[in-house]
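Here's a quick briefing on a protein model, with the cut-offs spelled out as we go. Have the structure open while you read.

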Amino acid sequence: DMKIDLMKIGVPEDKIVVHYHGIHTANFDMPRNYQLTGGILNLLTIASFREKKGHITVLKALKTISQNRPDIKFNYHIIGSGPLEGELKTFISSNNLTDKVIFHGLVKHGEQMKKAIQSADIFLHPSVTTNSNDKEGIPGAIVEAMAAGLPVISTNHAGIPAVIENGQNGLLITERDDDHLAKHMVDLFENEERREELGTAAKKYAMTNLDFLMKAKDLQKIYKTLLN
């Protein structure tokens with residue numbers, strides 16, 4: 001996606017090499033039980049409170065679930081901070097979601113972050129392109145969730161489809177499509193086998209293709225090619 005943007009402003013295609021960054025996948029290699037604890041679906045987003053992160057899409061989807069499927073018990077855990085916190089909390093309060101959404105504030109990488117990831121059942125990151133054309137690359141939090149074996153629901157946005165193949169190692173929706181997001185969450189709530197299938201495939205992909213040691217070697221090859 002960034003390559004296309006660069007070409008649009010005149011950078012020659014033969015001057016561009018696409019290199020995907022990696023993460024320390026071993027840090028997120030944790031045991032996972034795909035059963036719901038107490039029948040409650042634990043949802044997680046780790047992202048700054050900015051428009052492009054798509055928190056409001058999640059909240060609209062949860063409003064729909066609360067209205068149409070009151071039998072589904074869920075908790076939405078949000079890790080992060082940012083300028084839209086007040087707006088998000090206003091929406092939550094206005095739509096009777098206060099007792100179902102938990103703000104954890106800014107959490108640094110470490111045991112508390114790992115615990116949050118391990119306790120989650122689904123990772124949500126429905127990124128959007130803003131009116132000012134602000135958008136993601138590939139959010140590191142998505143790759144971390146994949147490495148931890150979490151089923152991920154995200155969007156056909158920027159570089160995200162480069163790491164998530166829809167229906168294979170995660171689920172992708174159109175930007176701002178909260179109805180589709182709600183449907184996916186309900187489907188995964190009702191299907192433990194599908195949660196495990198997506199989570200296991202995500203973990204395998206991240207461990208095989210997105211480990212930082214492997215990606216460092218790929219980057220080294222790029223530098224050596226340029227030096228030669």
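This is a predicted model: local features need pLDDT of at least 70, side-chain atom pairs count only at pLDDT 80 or more; totals for chains, interfaces and linings use all residues.

Residues are numbered from 1 along each chain as its sequence is written, and side-chain values use heavy atoms, with hydrogens and water left out. Helices (H or I, at least four residues) and strands (E, at least two) are DSSP runs, numbered from the N terminus.

**The sheet**

- Six strands make an open sheet, in the order E3-E2-E1-E4-E5-E6, with parallel pairing; two strands pair if DSSP finds at least two bridges between them.
- E3 and E6 (171-173) are the edge strands, each pairing on one side only.
- From one strand to the next, the twist averages 25 degrees.
- H4 packs on this sheet, where it touches E1 and E2, and its direction makes about 135 degrees with that of E1. Axes are lines fitted to C-alpha atoms, for helices over the stretch in contact, and angles run from 0 to 180 degrees between N-to-C directions.
- E4 (residues 122-125) and E5 (residues 152-155) run parallel and are joined by three bridges; Phe 123 has Val 152 of E5 as its bridge partner.

**Strand E2 and its neighbors**

- Five of the seven residues of E2 (residues 73-79) are buried, so this strand is largely enclosed by the rest of the structure. Buried means under 20% relative accessible area, exposed over 50%, and partly exposed in between (1.4 Å probe, protein chains only).
- E1 (residues 40-46) pairs with E2 in the parallel sense over seven bridges, and Ile 46 sits opposite Ile 79 in E2.
- E2 and E3 (residues 101-105) also run parallel, joined by four bridges.

**Crossovers**

- E1, H2 (residues 55-68) and E2 form a right-handed β-α-β unit. Right-handed here means that, with the strands pointing away from the viewer, the path from the first strand over the helix to the second runs clockwise.
- From E2 the chain crosses through H3 (residues 85-94) to E3, and this β-α-β crossover is right-handed.

**Helix pairs**

- The axes of H2 and H3 come within 11 Å and cross at roughly 5 degrees, and these helices are therefore roughly parallel to each other. The cut-offs are under 35 degrees for roughly parallel, over 145 for roughly antiparallel, 65 to 115 for roughly perpendicular, and oblique for the rest.
- His 55, Ile 56, Leu 59, Lys 60 and Lys 63 of H2 make the contact with Leu 88, Phe 91 and Ile 92 of H3; contact means heavy atoms within 4.5 Å.
- For H6 (residues 178-190) and H7 (residues 192-209), the axes come within 5 Å and cross at roughly 105 degrees, so this pair is roughly perpendicular.
- Here the contact involves Leu 188, Phe 189 and Glu 190 of H6 and Glu 192, Arg 194, Arg 195 and Leu 198 of H7.

**Ser 119**

- Ser 119 is found in H4 (residues 111-119), and at 43% relative accessibility it counts as partly exposed.
- Ser 119 and Asn 33 are 86 residues apart in sequence, and 9.1 Å apart in space, C-alpha to C-alpha.
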